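Reader: I'd like a quick walk through this one. Can you take me over the fold, the charged pairs and a few single residues?

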Amino acid sequence: MEASSGYKDYVAGLMAGVATVITGHPFDTVKVKLQKYNTEAGAVKYKNGLHCATRILQTEGVKGLYRGATSSFIGMAFESSLSFGIYSQTKRFLQGEIDGGKPQPHAIVPSAAFGGSIISFILCPSELVKCRMQVQGTDFMVPKSTRFSGPLECALKTVQEEGLTGMFRGGLATLLRESVGNAVFFSTYEYTRYFMHLQLKGASSESSQLIDVGVGIMSGGLGGIAFWSAVLPLDVAKTIIQTTPEKNHSRNPFSVLNLIYRRSGLRGCYTGLGPTLVRAFPANAAAIVAWELSAKLLGIRRDQ
């Protein structure tokens with residue numbers, strides 16, 4: 001579907017990552033807070049996502065919603081660059097020359113899963129820092145001795161106290177989330193894009209630019225919802241593994257999910273679903289639109 005483009009695939013992917021963080025980070029902060037505090041033993045700390053967001057705005061202002069955004073920008077920029085770049089080039093290799101026909105799952109699924117598994121090694125340490133920064137807000141009494149002044153201090157303290165391997169706490173959960181989630185995301189994106197363009201084939205050339213943006217919004221947004229609907233339990237486990245202060249806490253995501261299920265049922269495994277899905281559509285729509293527009297500006301050809 002794409003013409004040969006080399007490094008341009010990665011540049012377009014980087015722009016997608018920047019768009020994702022700008023659009024989706026506030027929702028992600030709410031999601032992480034819910035996953036951290038509402039799954040712990042004892043009383044539920046937040047009633048819902050709106051209550052959580054309101055508390056953050058009251059105690060920290062808008063700045064609180066972007067807590068941890070620095071590491072998120074760095075992580076998402078590299079992650080999206082590699083994710084979209086590896087996906088595009090691996091799919092091109094598996095399906096051969098440019099093909100404007102129906103999406104080919106034998107090329108889409110392994111390409112997406114492979115890209116997801118690679119980026120998990122970058123995402124894991126950056127998300128660990130992001131999550132630890134996000135849960136230390138002033139809306140709860142977090143001991144000052146455990147607070148971090150910034151992402152760099154968080155990373156340095158983690159390495160000092162847990163070693164270099166501490167930065168990769170939650171690695172298995174991240175690997176599973178990204179490989180499975182990416183396969184779901186790109187499959188949903190490719191099929192939605194294909195069928196929407198099929199329906200809009202007769203549209204005038206004057207409106208083609210607007211149609212491309214509209215298709216990008218819908219296919220990216222639906223892809224994001226499909227991603228998180230499929231892998232949110234793994235993300236819940238990852239958040240708990242990365243933010244728990246106990247060094248000997250289980251790092252097996254399935255053991256963590258089993259504990260949550262026994263304590264809170266299936267609902268507990270999907271903690272943060274509301275803000276996650278609210279974030280998923282605009283953040284992933286922005287990512288796809290940024291990716292496709294950047295690809296077009298860079299001269300990467302995609303047949304409809």
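Author: Let's start with a definition. A salt bridge here is a side-chain nitrogen of Lys or Arg within 4 Å of a carboxyl oxygen of Asp or Glu. Note also that this is a predicted model.

Reader: How many salt bridges does a search of the whole structure find?

Author: The search finds 14 salt bridges.

Reader: Why would such side chains pair at all?

Author: Side chains of opposite charge can pair when their charged atoms come close.

Reader: Now glutamate 162. What is its partner?

Author: Arginine 169 is the partner, with the closest N and O atoms 3.1 Å apart. Both glutamate 162 and arginine 169 are buried.

Reader: And lysine 296, which residue does it meet in a salt bridge?

Author: Lysine 296 meets aspartate 212, at 3.0 Å from N to O. Lysine 296 is in helix 10 and aspartate 212 is in helix 8, residues 208-243, so the pair ties together parts that are 84 residues apart in sequence.

Reader: How accessible are lysine 296 and aspartate 212?

Author: Lysine 296 is partly exposed at 42% relative accessibility. Aspartate 212 is buried, with a relative accessible area of 17%.

Reader: Which residues are linked in a network of salt bridges?

Author: The network links Asp28, Lys31, Glu127, Lys130, Arg177, Glu178, Asp235 and Lys238.

Reader: Step back to the fold. How many helices and strands are there?

Author: There are ten helices and zero strands. From the N terminus on, the elements run α-α-α-α-α-α-α-α-α-α.

Reader: What share of the protein is buried?

Author: Buried residues make up 53% of the 304 residues.

Reader: And the contacts? How many of those with a separation of 6 or more come from residues 24 or more positions apart?

Author: Such residues account for 80% of those contacts.

Reader: What does the accessible surface come to?

Author: It comes to about 13700 Å², and 66% of that belongs to carbon and sulfur atoms.

Reader: Which residues make the nonpolar surface patch?

Author: Tyr7, Val11, Leu14 and Met15 make a patch of about 370 Å². Leucine 14 is in helix 1, residues 8-37. Its relative accessible area is 34%, so leucine 14 counts as partly exposed.

Reader: Back to helix 10. What length does it reach?

Author: Helix 10 spans residues 273-297, 25 residues in total. It reaches 35 Å from its first C-alpha to its last, close to the 36 Å expected.

Reader: Where is the kink in helix 10?

Author: At alanine 280, shortly before proline 282. The kink is about 30°. Just after helix 10, glycine 299 takes a positive phi of about 85°.

Reader: Single residues now. Where does asparagine 182 lie, and what does it contact?

Author: Asparagine 182 lies in helix 7, residues 171-199. It is buried, because its relative accessible area is 5% and buried means under 20%. Leaving aside neighbours within four places in sequence, asparagine 182 is in contact with Ser83, Ala112, Gly115, Gly116, Ile119, Arg177 and Phe227.

Reader: How far along the chain is serine 83 from asparagine 182?

Author: They are 99 residues apart along the chain, while their C-alpha atoms are separated by 8.5 Å.

Reader: Threonine 239: buried or exposed?

Author: Threonine 239 is buried, at 0% relative accessibility. It lies in helix 8. Not counting residues up to four places away in sequence, threonine 239 touches Val32, Gln35, Lys36 and Cys131.

Reader: Last one. What does serine 126 touch?

Author: Serine 126 touches Ser71 and Gly75, again not counting residues up to four places away in sequence. Serine 126 lies in helix 5, residues 105-134. It is buried, with a relative accessible area of 14%.

Note on methods: Residues numbered from 1 in each chain as written. Predicted model: local features only at pLDDT ≥ 70, side-chain atom pairs only at ≥ 80, totals over all residues. Heavy atoms only, no water. Helix = DSSP H or I, 4+ residues; strand = E, 2+ residues; numbered from the N terminus. Buried < 20%, exposed > 50% of the residue type's maximum accessible area, 1.4 Å probe, protein only. Contact = heavy atoms within 4.5 Å. Expected span 1.5 Å × (residues − 1). Bend = angle between axes of the 7 residues up to and from the residue. Areas by Shrake-Rupley, 256 points an atom, 1.4 Å probe, with all protein chains shown as cover. Patch = residues over 30% accessible without salt bridge, like charges linked within 9 Å, V, L, I, M, F, W, Y side chains within 5 Å.
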